[in-house]
Amino acid sequence: MFLGHYATGFAAKKISPRTPLPLLLLASQFIDHLWPIFILFGIERVAIVPGITVFTPLDFIYYPWTHSLLMSVAWGVGLGALVYAFRKEIREAVVIAALVPGHWLLDLLAHRPDLPLAPGTTTMFGLGLWNSVPATIAVELTLFAGGIVLYWRATPGASRRSRVVFGSLVTFLLLIYASNTFGPPPPSVEMIGVAGNALWIVILWAWWVEKRSRQ
Ligand SMILES: [Zn+2]
């Protein structure tokens, strides 16, 4: 799941309009921002196994610290508490805290059964949407479109400049998605880690969307 995660961040603007978009996207992708760091440090493991699902060649061998249900809730509570400490808005903190495990629920839909309940447990969950390329793309694009519409409606006073930058961010995410979907498998695990970390640019981009358009 990729676009679907950004969709929940966009959509959350409707529930918490004063929360900056970069913060919403950070929360919705939080465990996917930690994961490439954990991969590069060898704390979690992934392998490239073409055919393991028809949609992605990634075999998520071990990732309970970022992608178990329990840890996603824990990261959510932690990030929500941190945001509350700085910004003192309970509604916003709850939205941030919910977005993080919301990522796990979307991954549950997409992944084959490789998502653990908690570190140390052996039961794995995953509903396997990734076993169908058309179904995966249909679900992701539908979620993404819904997220874009909700963000658009939640920001009626956005400037033309902000709309243009938002459009460029949407285009950028679609291009990454297309290259991940139709491009060759990644050349190495290290490249997965490096490319994953490069996605921090999306957070910067989201900040740019709302720069000066926010009061
Ligand atoms: Zn994920």
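Read along the sequence, the protein runs α-α-α-β-β-α-α-α-β-β-α-α-α-α. That comes to 10 helices and four strands. Both are DSSP runs numbered from the N terminus: helices are H or I with at least four residues, strands are E with at least two. This is a predicted model, where local features need pLDDT of at least 70, side-chain atom pairs count only at pLDDT 80 or more, and totals for chains, interfaces and linings use all residues. Residues are numbered from 1 along each chain as its sequence is written.

**Whole chain**

Start zoomed out. The C-alpha trace spans about 45 × 35 × 30 Å along its principal axes.

Colour by burial next. Of the 215 residues, 38% count as buried. Buried means 20 or more other C-beta atoms within 10 Å of a residue's own; exposed means 12 or fewer; partly exposed lies in between, with C-beta atoms placed from the backbone. Among contacts with a separation of 6 or more, 67% join residues 24 or more positions apart. A contact is a pair of C-beta atoms, placed from the backbone, within 7 Å.

**The core**

Select A27 and I96. These two have the most contacts inside the largest nonpolar core, which has 49 residues. Helix 6 (residues 90-110) gives the most to this core, with eight residues. Such a core is a set of buried Ala, Val, Leu, Ile, Met, Phe, Trp, Tyr and Cys residues joined through C-beta atoms within 7 Å. Now show the surroundings of A27. Leaving out residues up to four places away in sequence, A27 touches G9, L79, I96, L99 and V100.

**Helix 7**

Go to residues 133-154. At 1.5 Å a residue, the 22 residues of helix 7 should span 32 Å, and its end C-alpha atoms are 31 Å apart, which agrees. The expected span is 1.5 Å times one less than the number of residues.

Pick out its buried residues: T136, E140, L143, F144, G147, I148 and Y151. They cover an arc of only 140° around the axis, which puts them on the same side of helix 7. The arc is that of the directions from the helix axis to the C-beta atoms. Their cover includes helix 1 (3-15), helix 6 and helix 8 (160-182).

The face away from the buried side carries the exposed residues P134, A138 and R153. P134 counts as exposed with 9 C-beta neighbours inside 10 Å. Draw a distance from P134 to F2: their C-alpha atoms are separated by 15 Å, yet the two are 132 residues apart along the chain.

**Helix 9**

Move to residues 189-198. Here I192, G193 and G196 are buried. They cover an arc of only 95° around the axis, which puts them on the same side of helix 9. Helix 3 (30-40) and strand 1 (45-48) are among the elements covering them. E190, M191 and A198 are exposed, on the face turned away from the buried side.

**Last stop: K88**

Select K88, in the loop between helix 5 (69-87) and helix 6. What is the phi of K88? It is positive, about 55°, although K88 is not a glycine. Most residues other than glycine have a negative phi. With 9 C-beta neighbours inside 10 Å, K88 counts as exposed.

Note on methods
Two residues are in contact if their C-beta atoms, placed from the backbone, lie within 7 Å.
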